[in-house]
Amino acid sequence: MSDKMPGAAGDLAEELPHVWNAYQMLGRAAADCGPLSDRERRLVKLALSIGAGSEGAVHSHTRRAKTEGIEKEELMQVAMLAIGPLGLPRAVAAKTWIEDLD
């Protein structure tokens, strides 16, 4: 895997590293403020990305989850759990976004 992040986030990190560093520090502070494990935080972030309808964020969290050893079936369950609160179309979209990275 390349060290460069894909897309607009990678561009921002290169063009404005001080902004990116501040963003990363905020993310670390949020991650460290409670008892959730790394795995739990990754699945929650995936779920929030699905809820926000952000294809790029779903791709990012799927990619990172896979490198962290989270199985595809677990990611798909998160997508299917979206059916109740978000509706079938959003869940199906999330499923396809996760499958993009197969």
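1. His59 is placed in helix α4 (helices, H or I with at least four residues, and strands, E with at least two, are DSSP runs numbered from the N terminus). His59 is buried, with a relative accessible area of 16%; buried means under 20% relative accessible area, exposed over 50%, and partly exposed in between, with a 1.4 Å probe and protein chains only. Leaving aside neighbours within four places in sequence, His59 is in contact with Trp97, Asp100 and Leu101, where contact means heavy atoms within 4.5 Å.

2. On the basis of the numbers: this is a predicted model, in which local features need pLDDT of at least 70 and side-chain atom pairs count only at pLDDT 80 or more, while totals for chains, interfaces and linings use all residues. Residues are numbered from 1 along each chain as its sequence is written, and side-chain values use heavy atoms, with hydrogens and water left out.

3. Thr62 also deserves a remark. Thr62 lies in helix α4 and, at 0% relative accessibility, counts as buried. Apart from neighbours within four places in sequence, Thr62 is in contact with Leu46, Leu75, Ile98 and Leu101.

4. The largest nonpolar core has 15 residues. A nonpolar core here is a set of buried Ala, Val, Leu, Ile, Met, Phe, Trp, Tyr and Cys residues joined through side-chain atoms within 4.5 Å. The residues with the most contacts inside this core are Leu46, Ile50, Val58, Leu75 and Ile98. Two or more residues of the core come from each of α3 (38–52), α4 (55–67), α5 (72–81) and α7 (88–99). In soluble globular proteins, nonpolar side chains tend to be buried together.

5. Not counting residues up to four places away in sequence, Ile50 touches Val58, Val78, Ala79, Ala82, Leu86, Arg90 and Ala94.

6. Seven salt bridges are present in the structure, a salt bridge being a side-chain nitrogen of Lys or Arg within 4 Å of a carboxyl oxygen of Asp or Glu. One of them pairs Arg39 with Glu74, the closest N and O atoms being 1.9 Å apart. Arg39 lies in helix α3 and Glu74 in helix α5, so the pair ties together parts that are 35 residues apart in sequence. Both partners are partly exposed: Arg39 at 40% relative accessibility and Glu74 at 24%.

7. Another salt bridge joins Arg28 to Asp32, with 2.9 Å between the closest N and O atoms. Arg28 is partly exposed, with a relative accessible area of 47%.

8. In helix α7, Lys95 and Glu99 are four residues apart, about one turn of the helix. Their side chains meet in a salt bridge, at 2.6 Å from N to O. Lys95 counts as partly exposed at 31% relative accessibility, and Glu99 is partly exposed at 30%. Elsewhere, salt bridges that share partners join Lys66, Lys72 and Asp102 into one network.

9. The largest pocket holds about 1,100 Å³ of space. Pockets and cavities are found on a 1 Å grid over the protein atoms alone: a cavity is a set of points where a 1.4 Å probe fits but cannot get out, a pocket is an open set with protein on both sides within 12 Å along at least five of seven lines, and lining residues have an atom within 4 Å of a point. Grid points are joined across faces, edges and corners, and the volume is the space filled by probe spheres set on the points.

10. The lining of the largest pocket consists of 31 residues, of which Trp20, Arg42, Ser60, His61 and Arg64 lie nearest its centre. The elements giving two or more residues to this lining are α1 (7–15), α2 (17–31), α3 and α4. Of the elements, α4 gives the most, with eight residues. By type, the lining divides into 12 nonpolar, nine polar and 10 charged residues (Ala, Val, Leu, Ile, Met, Phe, Trp, Tyr, Cys and Pro count as nonpolar, Asp, Glu, Lys and Arg as charged, and the others, Gly among them, as polar).

11. Met5 is found in the segment before α1 and counts as partly exposed at 30% relative accessibility. Leaving aside neighbours within four places in sequence, Met5 is in contact with Gly10, Ala13 and Trp20. From Met5 to Thr67 the separation is 62 residues in sequence and 14 Å in space, C-alpha to C-alpha.

12. Ala13 belongs to helix α1 and counts as buried at 18% relative accessibility. Beyond neighbours within four places in sequence, Ala13 is in contact with Met5 and Trp20. Ala13 and Asp102 are 89 residues apart in sequence and 26 Å apart in space, C-alpha to C-alpha.
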